[in-house]
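Some notes follow on the backbone and on the pocket, for discussion alongside the coordinates.

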Amino acid sequence: MEIPIDPGRPIKHVDRKAIYTRLEARINYLRDMLDFNSSDVEALVGGAKYIKALIPAVVNIVYKKLLEQDITARAFHTRDTADETPIEEFFSEESPQIKRRKMFLRWYLIRLCSDPSQMDFWRYLNKVGMMHSGQERLHPLNIEYIHIGALLGFIQDIFIEALMSHPHLSLSRKVALVRAISKVIWIQNDLFAKWRIRDGEEYAEEMSEVILDDKEGYLGEKKILGDSSTTGSSSDDDHSSIASTAASAASVCPFAEMSKSMSKTMPPTVSETKIWAGK
């Protein structure tokens, strides 16, 4: 039975092969589906300083979580969550290996504050997805998707809670920033999944190649950490800026003082947010 198509309703064609073989086509499709538009780009670029201010605390909270369970903590020894080799003593947050991994995560989160209107932004996210799939590396890193998906959800939750509780941003800017960063995280989620799922495998030989810098963690962007510039201006409701400490290993939460003042007036039953609990 044929289903009539309303000639007055435009419908956009999506080339199935293209979304599996060309990264740009895949990103365009995802952006259209998520309605990721110029307003989201503006929110991210203009609000980058607020995200950067959270990065040191977010990094510490994330690694505290990863070291809580043996299946994720073991990966720092074996580089593979599928490897069940017994570990006599796991790394701690103060271990040199973990401090090094924290540095890479800081670089990654800072890169999320760059310009998503540029294709290089999405190429970087695609490389991050590939480098965790056990492919194209001298020392393969294989992190199974269940852990990646859960961790992305955890990071998204931290950002939502922290940004929505910002003391000076207007509600409209909070919502815009949360929506924009959430869309980016969901596209990153797809760019992890694409290296795992078998959809489109008939096009495997035609998929775009990804070339990585041979230095682990750099992904061809050797100066990410030193580039703290942002564009865009804050509106009048942004009464103060929280200084970014992304290049520091300190775990000082930028909202700690607000948390202390709120705790004096809030009922004792109010639970701490993740960003405060990371203190």
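1. This is a predicted model, and the points below should be read as such.

2. Asp 35 is not a glycine, yet its phi is positive, at about 55 degrees. The residue sits in the loop that runs between α2 (23-34) and α3 (38-46). Its relative accessibility is 46%, so Asp 35 counts as partly exposed; the cut-off for exposed is over 50%.

3. Arg 79 is another residue other than glycine with a positive phi, here near 65 degrees. Arg 79 belongs to the loop between α6 (75-78) and α7 (96-111). With a relative accessible area of 23%, Arg 79 is partly exposed, because buried would require a value under 20%.

4. The largest pocket holds about 940 Å³ of space. Its lining is made up of 37 residues, and those closest to the centre are Tyr 63, Leu 66, Phe 76, His 132 and Leu 151.

5. Which helices supply at least two residues each to the lining of the largest pocket? They are α4 (48-66), α5 (70-73), α6, α7, α8 (119-131) and α9 (145-164). The most comes from α9, which gives eight residues to this lining.

6. Sorted by class, the lining of the largest pocket has 25 nonpolar residues, alongside seven polar and five charged ones.

Conventions. Residues numbered from 1 in each chain as written. Predicted model: local features only at pLDDT ≥ 70, side-chain atom pairs only at ≥ 80, totals over all residues. Heavy atoms only, no water. Helix = DSSP H or I, 4+ residues; strand = E, 2+ residues; numbered from the N terminus. Buried < 20%, exposed > 50% of the residue type's maximum accessible area, 1.4 Å probe, protein only. 1 Å grid on protein atoms, 1.4 Å probe; cavity = no way out; pocket = protein on both sides within 12 Å on 5 of 7 lines; lining within 4 Å. Points joined across faces, edges and corners; volume = space filled by probe spheres on them. Nonpolar A, V, L, I, M, F, W, Y, C, P; charged D, E, K, R; others polar.
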